[in-house]
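Please keep the sequence and the model in view while reading.

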Amino acid sequence: MFECRAYLVSGGPLLKNQSCRKGGLAIFYLNSEKPYELFRQATSDLYYVDKSMLLRGITNKNICINKPRGFGKSISAWMVACYFSKAFDSSGIFRNLKISKYPHYKKYQNQRSVIFIPMSEAPSECRTYKTHMGNILSNLLSDLHEAYPSVACASNDPIKLLKAIHKSTGERFMFVIDDWDFIFNSESGSKSKFASKRDLKNYEKFLDTLLDGDYLCMSYITGVAPLPNNYLNFSREFTRFFGFNGVETASLIKRYNAQFQKGEKKNVSFDSLRHWYKYDKICNPYSTVMALKSNKLDFYWFDSAPKNELWDILNLSWSIGSEIAYLIARVLIQKTSVQNVDIPFDIFSNEYLVLLELSYLGYLTIHRDEECPFHVPNHEIYSKLEEFAKFDSKYSYIYELATIFPYLRDAIFSLDKSAVANVFDEKLHSEKKTFYTSELIYRKLMASLAFLGAADYDITQCDDKALFALVPKAPAKAAIIFEFLEDTLGSYIAFEMSSLKTFEPFNSIRGQRATYTGKVYLVAISFDDFEKTILCDIEVV
């Protein structure tokens with residue numbers, strides 16, 4: 001699903017499939033001048049944003065940077081290789097960057113033997129994993145033989161040669177691998193996949209072995225997804241170096257404004273950019289630079305994705321488990337986040353993996369330590385998700401459910417039991433076959449669908465029952481305590497109504513009368529399959 005990009009934030013082209021030459025010899029990866037040239041081009045761009053202080057935090061560490069496309073991962077890889085590689089003198093570039101203000105910035109500059117491998121730069125003839133990796137390993141082997149001709153190694157395995165070089169000379173290497181996960185998602189151009197499952201396992205094993213040798217002094221890896229192993233981590237300390245904050249965006253706008261003659265129309269402003277990215281408050285570098293260069297806001301980031309990427313994932317999520325559909329719909333309806341959502345599947349399920357993939361690709365932002373874990377990061381993505389949810393045959397009816405809650409709330413406040421029962425009978429209960437996985441999960445889903453439009457309420461759920469508390473954010477408004485019962489006779493509802501009063505959120509509300517002044521409505525819903533009816537009882541406390 002990830003693409004092989006020929007562009008990045010700087011707007012400069014990648015030097016595709018070209019080796020650099022040094023002393024008449026072709027240099028592919030070891031101490032190649034390619035990252036120097038790429039980073040030099042990037043820093044000369046009008047809209048280059050200086051992120052060089054990243055270099056302070058990565059010395060002698062193994063780092064994996066995983067961020068969605070267009071956030072500057074590749075340009076950071078060029079910068080890292082350019083700074084550390086001893087193949088050239090990069091002082092002319094870095095003396096004008098922020099890192100030059102750091103007292104010890106020259107200590108490690110141009111001191112490493114750097115192996116820079118851009119994994120997504122596959123020659124056109126490399127249409128499978130085996131040919132692509134064969135090409136990479138052959139080129140790396142060639143570089144090592146050229147640089148260390150006196151080191152004897154009978155094997156054609158570059159890892160064994162690296163070990164032999166280290167044993168013989170004491171040399172240690174830095175690996176900079178850009179787009180490490182390109183292989184996992186590349187298409188060969190035909191209907192067959194670029195790599196088989198066995199290929200992917202072999203690739204993971206290869207990376208584990210490559211990045212765990214005594215010949216390694218440090219590594220810097222970039223990709224959309226995190227590496228499978230745990231010793232290479234994307235620390236939060238690096239987050240600020242990816243994406244444009246408010247200060248950086250304002251600086252770009254000044255440069256943008258300076259390009260216009262008097263009377264020329266400027267279609268992009270600081271306010272319009274911040275509105276476009278108002279949800280996550282971090283501007284996507286690729287989209288921002290494209291908007292400034294094109295003089296208009298547009299769906300640059302979304303349109304740079306592989307064709308139908310988002311649609312394919314959402315359609316796959318439906319086939320895996322339609323429980324995820326209501327969650328995505330709720331994200332869209334509440335626009336900014338999903339508050340206190342009980343996800344009816346665990347973190348090891350296929351459904352949760354779909355959410356993680358949406359997060360890795362940039363369509364959702366997940367903050368696991370917050371009450372609102374799922375965010376739509378910006379207006380560009382929200383608009384496309386909303387378009388899909390409205391018009392896709394599978395998701396459109398879920399989107400329409402957003403209109404249910406205001407009607408349901410008014411019926412409850414009017415004590416109209418028949419109207420409340422009809423909401424579930426006509427709008428929700430008919431979807432049982434679509435959403436059914438287990439009785440408890442089904443009843444939880446009915447509640448989640450009913451509450452899609454409840455943006456003005458904080459929602460709490462009981463773990464082992466379909467029991468919900470909707471507490472208004474405004475303390476003078478009424479709260480609602482819901483329970484969705486198992487199929488049962490109507491006489492049982494009265495008993496359950498009394499048990500609702502033992503629900504912790506109810507007692508919490510009752511104990512906060514000094515600040516909470518609204519009424520509390522207790523609502524019990526029962527699906528009576530024997531009578532083919534839905535029963536409802538309401539009590540005001």
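Is Asp179 buried or exposed? With a relative accessibility of 7%, Asp179 counts as buried, where buried means under 20% relative accessible area, exposed means over 50% and partly exposed lies in between (1.4 Å probe, protein chains only).

The model is predicted, so local features need pLDDT of at least 70 and side-chain atom pairs count only at pLDDT 80 or more, while totals for chains, interfaces and linings use all residues. Residues are numbered from 1 along each chain as its sequence is written, and side-chain values use heavy atoms, with hydrogens and water left out.

**Residues with positive phi**

Asp179 belongs to the loop between β5 and α6 (182-185); helices (H or I, at least four residues) and strands (E, at least two) are DSSP runs, numbered from the N terminus. Most residues other than glycine have a negative phi. Asn295 is placed in the loop between α10 (285-294) and α11 (300-303).

The table lists the relative accessibility of several residues.

| Residue | Relative accessibility |
|---|---|
| Asp179 | 7% |
| Asn295 | 18% |
| Ser304 | 7% |
| Ile481 | 0% |

Ser304 is located in the loop between α11 and α12 (309-320). A polar atom of the Ser304 side chain lies 2.7 Å from the backbone oxygen of Trp301. Such a polar contact is a pair of N or O atoms within 3.5 Å; within protein, one must be able to donate a hydrogen and the other to accept it, and residues adjacent in sequence count only if both atoms are side-chain atoms.

Ile481 is part of strand β12 (residues 479-485).

**Helix α5**

Helix α5 (residues 158-169) has 12 residues. From its first C-alpha to its last, α5 reaches 16 Å, close to the 16 Å expected at 1.5 Å a residue; the expected span is 1.5 Å times one less than the number of residues. At the start of α5, a side-chain oxygen of Asp157 comes to within 2.9 Å of the backbone nitrogen of Ile159. The helix is followed by Gly170, whose phi is positive, near 80°.

The buried residues of α5 are Pro158, Ile159, Leu161, Leu162, Ala164 and Ile165. They pack against β4 (113-118), α4 (129-147), β5 (173-178) and α7 (197-210), where contact means heavy atoms within 4.5 Å.
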